[in-house]
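Hi everyone, thanks for coming.

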Amino acid sequence: MTLRGVPEDDPATHRRKRYVDVTARTLALLGVLFVLAYTVYVLWPDRPQWVTTVIIVILVLTWVIFIIDVVIRISLTPRGRRWHYAWHHPLEVLSALLPVFRALRVVGLLQDLPVLKRHTPTAVRAQFIILALAYAFAWVFFLALATLQAEREAAGANIVTFGDSIWWAIVTITTVGYGDLYPVTPPGRFYAVLLMAGGIAIVGTASATIISYLNEKVAGLRHQGDALAPPTLSTAEEEPDPAAAAALPPAESAAGVPEAGHEHPAGTGG
């Protein structure tokens, strides 16, 4: 059911789902081609002219295909639900507008792997962690490339190599912010804002995942009736020293009764 109470199993929605199933892998491969072409474009500034021509054709062609794809998906959505579909699929819409989101759509290819299609709690958690790491890597890598392209020819720029841009992107997305490198152009600062927003989302998601995992472990121990051990720096249980144990005298009970096998001498009181 949608927000308007209309079922999602009507013929028009089936057509859109069939279209998505047919084109998903092709679009993911086009996304990979786009990222590779853009990487060569940024990291190989002294390329031959024919390489530049090929790269420009690939970038423009993939951009046009992604725009057509979004238009088709929205048009295959029943009337009255098209804005709802666009609102709940922001990555698809933004990929037609900004190249960085086009790179993120490549990560969707991982969801088609058989190893990530199992539905056990452990598999779902592993799938979530793998996809989150993949999205974070694609976000940092592509925005570092875009920032380098915008900054390296600008007057007074300090992000002039790919190493500088990667360092700046990692420092920014982790919210550390040393301030040794920073963008000076409007496009570079716009990419910095995107990195900051992504850093907040990534750190928040990682924290929530860790807390959820710990809560699940604690709940499992309580359900089994196990006692929670105090925190320790030791990685293994301490075993008693045999030599120290042999040197200890046999213990007697509090009432003075000797242990089994040890009798009092004859004629003495018990």
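I'll start with the overall picture, then visit the helices and a few residues.

First, some ground rules. This is a predicted model, in which local features need a pLDDT of at least 70 and side-chain atom pairs count only at pLDDT 80 or more, while totals for chains, interfaces and linings use all residues. Residues are numbered from 1 along each chain as its sequence is written, and side-chain values use heavy atoms, with hydrogens and water left out.

So what is the protein built from? Its secondary structure comes to 9 helices and 0 strands. Helices here are DSSP runs of H or I with at least four residues, strands are runs of E with at least two, and both are numbered from the N terminus. Read from that end, the elements run α-α-α-α-α-α-α-α-α.

How confident is the predictor? That is what pLDDT tells us, residue by residue, on a scale from 0 to 100. The average for the protein is 76, and 72% of the residues score at least 70. Confidence is highest in helix 7, at a mean of 92, and lowest in helix 9 (residues 242–247), at 55. Over residues 1–6 the pLDDT is below 50, and this stretch has 10 contacts in the model beyond near neighbours in sequence. A contact means heavy atoms within 4.5 Å. Residues 233–238 also stay under 50, and for them the model has 0 contacts beyond four places in sequence.

Now for inside and outside. We call a residue buried under 20% relative accessible area, exposed over 50%, and partly exposed in between, using a 1.4 Å probe and protein chains only. Of the 270 residues in the protein, 30% are buried. Among contacts with a separation of 6 or more, 62% are between residues 24 or more positions apart.

Next, the core. A nonpolar core is a set of buried Ala, Val, Leu, Ile, Met, Phe, Trp, Tyr and Cys residues joined through side-chain atoms within 4.5 Å. The largest one has 35 residues, and Tyr38, Val100, Trp139, Trp168 and Leu195 have the most contacts inside it. Two or more residues each come from helix 1, helix 2 (49–75), helix 5 (99–104), helix 6 (121–151), helix 7 and helix 8 (186–224). Helix 6 gives the largest share, 12 residues.

Which residues does Trp139 touch, leaving aside neighbours within four places in sequence? The list is Val100, Phe101, Leu104, Ile173, Leu194, Leu195 and Gly198.

Let's look at helix 1, residues 11–43, where we find Arg16. Is Arg16 buried or exposed? With a relative accessible area of 9%, Arg16 is buried. Its side chain makes a polar contact with the side chain of Thr77, at 3.0 Å. A polar contact is a pair of N or O atoms within 3.5 Å; within protein, one must be able to donate a hydrogen and the other to accept it, and residues adjacent in sequence count only if both atoms are side-chain atoms.

Thr23 is also in helix 1, and at 16% relative accessible area Thr23 is buried. A polar atom of the Thr23 side chain lies 2.8 Å from the backbone oxygen of Tyr19. Beyond four places in sequence, Thr23 is in contact with Asp69 and Arg73, and both of those are among the buried residues of helix 2.

One more from helix 1 is Val42, buried at 0% relative accessible area. Val42 and Leu145 are 103 residues apart in sequence, yet their C-alpha atoms are 6.6 Å apart in space. Setting aside neighbours within four places, Val42 is in contact with Leu145, Leu148, Gln149 and Arg152.

Now two helix lengths. The expected span is 1.5 Å times one less than the number of residues. Helix 7 (residues 162–173) has 12 residues and reaches 16 Å, close to the 16 Å expected. Its buried residues are Ser165, Trp168, Ala169, Val171, Thr172 and Ile173. Just after helix 7, Thr175 takes a positive phi of about 60°.

Finally, Leu97 sits in the loop between helix 4 (90–95) and helix 5. Leu97 counts as exposed, at 53% relative accessibility.

Technical notes. pLDDT is the predictor's confidence in each residue, from 0 to 100.
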